[in-house]
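Colleague: I have a two-minute gap before class. Can you walk me through this model?

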Amino acid sequence: MMSNRIVIAAIALAGALLAGPALAAEEGGGHSTPHIDRVDWSFAGIFGTYDEHQLQRGFQVYREVCASCHSARLFAFRNLSEEGGPGFSEAQVRALAAEYQVPDDSADGETRAAIPADRWPSPYPSDQAARDANGGALPPDFSVLAKARGVSDPFPTWAFNYFTAYQEGGVDYIHALLTGYEEAPEGFDLQPGQYYNEVYPGHAISMPPPLVDGVVDYADAEAGGAEVPETVEQYSRDVSAFMMWLAEPHLASRKAAGFRVILFLVLFAGLMYATKSRIWKGIEH
Amino acid sequence: MDFPTPKNLNYFWTFGAILVMCLGIQIITGIVLAMHYTPNIAMAFDSVEHIRRDVNGGRIIQAVHAVGASMFFAALYIHIFRGLYFGSYKAPREILWILGVIIFILTMATAFMGYILPWGQMSFWGATVITNIFSAVPIVGESLQVLLRGGFAVGNPTLNRFFSLHYLLPFIIAAVVALHIWALHVPGNNNPIGVEVKSKRDTVPFHPYYTMKDMFAMVVFLIPFAWFVFFAPDILGHPDNYIQANSQVTPEHIVPEWYLLPFYTILRAIDFNVLFIDSKLGGVIAMAGSMLLLVVLPWLDRSPVRSGNFRPLFRWFYWLFVINFIGLTYLGAQPAEGIYTLLAKICVAYYFIYFLVILPLLSRIETPKPLPTSISESVLKKAHA
């Protein structure tokens with residue numbers, strides 16, 4: 001009887017303590033944004049890993065479209081050939097890096113061709129220069145942007161997020177943002193240089209719609225990859241996936257380690273329980 | 001190791017050992033992180049990302065440290081609420097309890113300072129809000145605030161001194177933990193029926209019985225810990241902290257980490273002036289009071305019966321207190337507007353009424369259920385039931 005009560009109390013307390021952080025985290029980013037559809041990402045869930053082809057396509061979108069305004073200061077060329085990423089070969093990365101000039105005080109003319117160890121060169125020399133070129137708005141750095149955005153789920157959806165390990169709020173938001181450009185509704189006051197976006201907080205965004213159908217000619221298809229549509233929807237998925245990888249380049253190895261660790265802990269706990277039971281055998285408690 | 005321990009302890013009594021493990025994990029991972037971290041406002045944010053991206057094993061060490069803070073507090077709250085239910089604060093364990101309250105407050109301070117170090121938006125604005133609190137202290141408030149910040153606003157000196165203190169405080173916590181364990185060894189453990197140990201038959205030696213049970217519980221505790229570290233390392237944090245601190249842009253809502261939310265709600269709930277005390281100072285008094293109240297708890301609850309199992313009335317108020325505390329946590333994450341401010345006031349009121357009115361009153365009016373004469377008797381009855 002006593003132990004029943006303890007079990008009930010334990011469940012209640014455990015539930016309560018789990019609910020605490022859950023309730024707290026409900027207040028995610030993107031507070032005043034409308035409902036954001038969840039995309040079926042290949043890297044979602046505990047078994048999820050990146051799709052190499054998607055990352056290569058996303059990288060191409062970033063390189064040809066986004067990179068003209070958005071920096072990615074923590075992104076190194078060498079990351080592109082690391083395991084679990086877009087899967088470029090080291091030779092490809094070396095050739096790619098050589099196409100870019102990076103600042104270097106010790107080189108002639110203060111710039112030189114990049115090597116794989118270099119970081120991705122920023123499009124502007126300073127934040128102020130970036131603002132001047134963009135009508136006062138600062139294009140955010142892409143390095144961890146996919147983790148710097150979130151969606152707030154209504155009750156009780158968020159409670160399940162702890163058990164499904166839902167970590168894709170940021171990319172869901174970015175995908176929704178890139179596909180969320182619309183005509184401003186009647187009477188909505190837009191300043192010059194602003195555009196109406198359904199999911200952007202306040203709806204007035206300074207970034208012009210960056211993607212149009214056909215703007216990027218996917219190299220992956222030519223190289224024998226699967227034929228993918230060259231549409232805004234596809235581009236925004238691919239570049240969002242790429243941004244997730246930028247923010248979390250070692251996601252696959254992290255999850256793989258997690259399986260090994262948890263399997264070990266479960267087996268170890270079983271052995272510990274057996275030992276504990278053996279020791280306590282015959283002691284009424 | 002032959003410390004005689006009541007043989008009827010349930011699994012809630014394993015959280016003490018779990019907390020020692022948590023402190024150990026935080027200190028070890030923290031020392032390694034400090035080898036790679038740069039406490040400078042221009043470099044702190046990138047240096048944390050450098051640890052996660054470029055340092056061997058860094059992403060696991062960093063995630064263990066960040067998730068570890070949440071797990072530490074989860075265990076800490078279970079440990080405290082266990083003490084509240086089973087009356088572990090009552091004589092002769094007042095010193096043990098007070099040392100525990102000191103550890104709790106020191107841990108909150110340490111966790112808060114640790115959260116500043118990644119220098120994200122929530123770090124910066126959290127530091128701004130919390131250091132602002134100190135300016136409410138009469139007469140010395142302004143100087144105190146400047147001393148804490150190392151200037152008139154949160155900046156590089158703030159980050160440096162918080163880093164220094166964040167490194168120092170865990171060792172002070174470890175020292176108080178040593179005192180806490182010493183203070184435990186004088187009167188011995190409380191137990192789920194709250195009846196003191198009467199004879200040797202009531203106890204078993206700590207080793208191997210409780211060393212083994214505690215180690216088993218630690219391993220089980222590491223399973224959800226690992227779940228968060230490897231599968232959802234960011235879910236307990238706030239996305240805004242992946243934006244580098246910017247004194248020019250205020251986040252829409254400034255929210256502390258979940259484990260500080262109940263006290264943040266108490267701080268914010270006082271939005272009215274009381275006589276010569278303005279709302280700001282009132283909030284600070286309420287928040288400080290809510291923690292200091294725990295110190296005098298042994299003298300507020302005069303009921304001679306320790307365990308909530310034998311206190312039919314107490315149990316109702318206790319579980320309401322637990323729900324209320326979760327309510328305080330929830331409200332801390334909500335904007336201070338509309339219905340939330342009213343709910344916050346109700347929850348804060350119950351928090352104080354529970355300690356100041358209900359517990360003293362209950363000890364007078366409640367008729368406890370008959371207590372077993374000894375631990376052995378209760379254990380044997382359970383075995384035959």
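Modeller: From the N terminus on, chain A runs α-α-α-β-β-α-α-α-β-β-α-α-α. That makes nine helices and four strands, where helices (H or I, at least four residues) and strands (E, at least two) are DSSP runs numbered from the N terminus. This is a predicted model, in which local features need pLDDT of at least 70, side-chain atom pairs count only at pLDDT 80 or more, and totals for chains, interfaces and linings use all residues. Residues are numbered from 1 along each chain as its sequence is written, chains are lettered from A and ligands numbered from 1 in the order in which they are written, and side-chain values use heavy atoms, with hydrogens and water left out.

Colleague: What percentage of the residues in chain A are buried?

Modeller: Of the 285 residues in chain A, 44% are buried. Buried means under 20% relative accessible area, exposed over 50%, and partly exposed in between (1.4 Å probe, protein chains only).

Colleague: Which residues of helix 6 of chain A are buried?

Modeller: The buried ones are A:Gly169, A:Gly170, A:Val171, A:Asp172, A:Tyr173, A:Ile174, A:His175, A:Ala176, A:Leu177 and A:Leu178. That is 10 of the 10 residues of the helix (residues 169-178), so helix 6 of chain A is largely enclosed by the rest of the structure.

Colleague: What covers them?

Modeller: The cover includes strand 4 (204-205) and helix 8 (232-247) of chain A. Contact here means heavy atoms within 4.5 Å.

Colleague: Switching to the interface. How many residues does each chain give to the contact?

Modeller: Chain B gives 64 residues and chain A gives 63 residues. Between them the two chains bury about 5,900 Å², with 71% of it on carbon and sulfur atoms. Buried area is the accessible area (1.4 Å probe) that two parts lose on being put together, summed over both.

Colleague: Which residues in chain B lose the most area to chain A?

Modeller: They are B:Arg53, B:Phe230 and B:Phe231, which together account for 14% of what that side buries.

Colleague: And how many salt bridges between chain B and chain A?

Modeller: There are four salt bridges between chain B and chain A. A salt bridge is a side-chain nitrogen of Lys or Arg within 4 Å of a carboxyl oxygen of Asp or Glu. One salt bridge joins the side chains of A:Arg78 and B:Asp54 (3.2 Å, N to O).

Colleague: Which elements of chain B give two or more residues to the side that touches chain A?

Modeller: Those are helix 2 (44-53), helix 3 (58-85), helix 8 (206-231), helix 11 (312-332) and helix 13 (375-384) of chain B. Helix 8 of chain B gives the most, with 17 residues.

Colleague: How do the residues on that side divide into nonpolar, polar and charged?

Modeller: The side of chain B that touches chain A has 44 nonpolar, seven polar and 13 charged residues. Ala, Val, Leu, Ile, Met, Phe, Trp, Tyr, Cys and Pro count as nonpolar, Asp, Glu, Lys and Arg as charged, and the others, Gly among them, as polar.

Colleague: Back to salt bridges. How many over all chains?

Modeller: The whole structure has 22 salt bridges over all chains. In one of them, the side chains of B:Asp234 and B:Arg52 meet at 3.6 Å, N to O. B:Asp234 is in the loop between helix 8 and helix 9 (261-269) of chain B and B:Arg52 is in helix 2 of chain B, so the pair ties together parts that are 182 residues apart in sequence.

Colleague: Is B:Arg52 buried or exposed?

Modeller: B:Arg52 counts as buried, at 12% relative accessibility. B:Arg52 is also linked in a network of salt bridges with A:Lys147, A:Glu248, A:Arg254, B:Glu49, B:Arg53 and B:Asp234. Within chain A, the side chains of A:Glu248 and A:Arg254 meet in a salt bridge (3.0 Å, N to O), and A:Glu248 and A:Arg254 are buried.

Colleague: Last topic. Where is B:Asn10 found?

Modeller: B:Asn10 is in the loop between strand 1 (4-6) and helix 1 (15-36) of chain B. B:Asn10 is buried, with a relative accessible area of 7%. The side chain of B:Asn10 reaches the backbone nitrogen of B:Phe12 at 2.9 Å.

Notes. A polar contact is a pair of N or O atoms within 3.5 Å; within protein, one must be able to donate a hydrogen and the other to accept it, and residues adjacent in sequence count only if both atoms are side-chain atoms.
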